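Here is a quick tour of the model on your screen. Keep the viewer open and follow along, section by section.

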Amino acid sequence: MELLTGEYRNTLDEKGRIPFPAKLRFELTGENLIITQAVDHCLWLFPAEEWKNFSEKLMEAASPFSGKSRLVVRHLIAPAQSVDFDKSGRLSIPPSLREYASLSKECIFLGINKYIELWDAAAYKAYLDENEPVFREAAEELRSIYL
């Protein structure tokens, strides 16, 4: 798998199906993705092998005796579902995950190197607008990585 990058807009239909960006699909090796809740009320989509690596690392770091660990596992691992591409290259987003991410008609896919985020377009714009000052501060702190 190559790096997953780019921002792509697509429309979710009334049945919860969304066309998957061809440029991202080209980088994938399998016919399905693992989809789960993310941290910022969007969805994370992982290629199966990357999900295996991610979930194993998360489970190794988590303890069933830690309340915080249980919360993270319940938020990220428990709702994860495998979704397959249909003949038209669409994904059917499960209703519980559509609800979690407040997906309406207009959505945005973001390639984030090893995984993909799926956002409601209006929610993503609001997130960016709200976090612009934090982004600027964080970017300033990273100035040493590019000398």
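## Overall size

For a chain of 147 residues, a compact globule would have a radius of gyration near 15 Å, and the 16 Å found here agrees with that (the radius is taken over C-alpha atoms, and the globule rule is 2.2 Å times the number of residues to the power 0.38). Along the principal axes, the C-alpha atoms fill a box of roughly 45 × 40 × 30 Å.

A word on the ground rules: this is a predicted model, in which local features need pLDDT of at least 70 and side-chain atom pairs count only at pLDDT 80 or more, while totals for chains, interfaces and linings use all residues. Residues are numbered from 1 along each chain as its sequence is written, and side-chain values use heavy atoms, with hydrogens and water left out.

## Surface and contacts

The accessible surface of the chain is about 9,400 Å², and 55% of this belongs to carbon and sulfur atoms (Shrake-Rupley method, 1.4 Å probe). Of the 147 residues, 36% count as buried (buried is under 20% relative accessible area, exposed over 50%, partly exposed in between, with a 1.4 Å probe and protein chains only).

Now take the contacts (heavy atoms within 4.5 Å) with a separation of 6 or more: 63% of them come from residues 24 or more positions apart.

## Helices and strands

Walk along from the N terminus and you pass β-β-α-β-β-α-α-β-β-α-β-β-α-α. That makes six helices and eight strands (DSSP runs numbered from the N terminus: H or I over at least four residues for helices, E over at least two for strands).

## The sheet

Six strands form an open sheet in the order β1-β7-β8-β4-β3-β5, with antiparallel pairing (two strands pair if DSSP finds at least two bridges between them). At its edges stand β1 (4-11) and β5 (81-84); each has a single partner strand, so one side of each is left without a neighbour in the sheet. On average, neighbouring strands are turned by 25 degrees against each other, direction ignored (axes are lines fitted to C-alpha atoms, for helices over the stretch in contact, and angles run from 0 to 180 degrees between N-to-C directions).

Take a look at β3 (residues 32-37), which pairs with β5 in the antiparallel sense over four bridges. Leu 33 stands opposite Val 83 in β5. Helix α2 (residues 48-61) packs on the sheet and touches β3 and β4 (43-47), with its direction at about 110 degrees to that of β4.

## Aromatic rings

How many aromatic pairs does a search of the whole structure find? There are 11 (rings of Phe, Tyr and Trp, using the six-membered ring of Trp, pair if their centres lie within 6.5 Å; planes under 30 degrees apart are stacked, over 60 edge-to-face, and the rest tilted). In one of them, Trp 119 and Tyr 127 have ring centres 5.0 Å apart and planes at 40 degrees, so the pair is tilted. Trp 119 is buried at 3% relative accessible area, while Tyr 127 is partly exposed at 29%.

Ring pairs also link Trp 44, Phe 46, Trp 51, Phe 54 and Tyr 115 into a cluster.

His 41 isn't a glycine, yet has a positive phi of about 60 degrees. His 41 lies in the loop between β3 and β4 and is partly exposed, at 47% relative accessible area.

Asn 113, also a residue other than glycine, has a positive phi near 75 degrees. Asn 113 lies in strand β7 (residues 106-113) and is partly exposed, with a relative accessible area of 35%.
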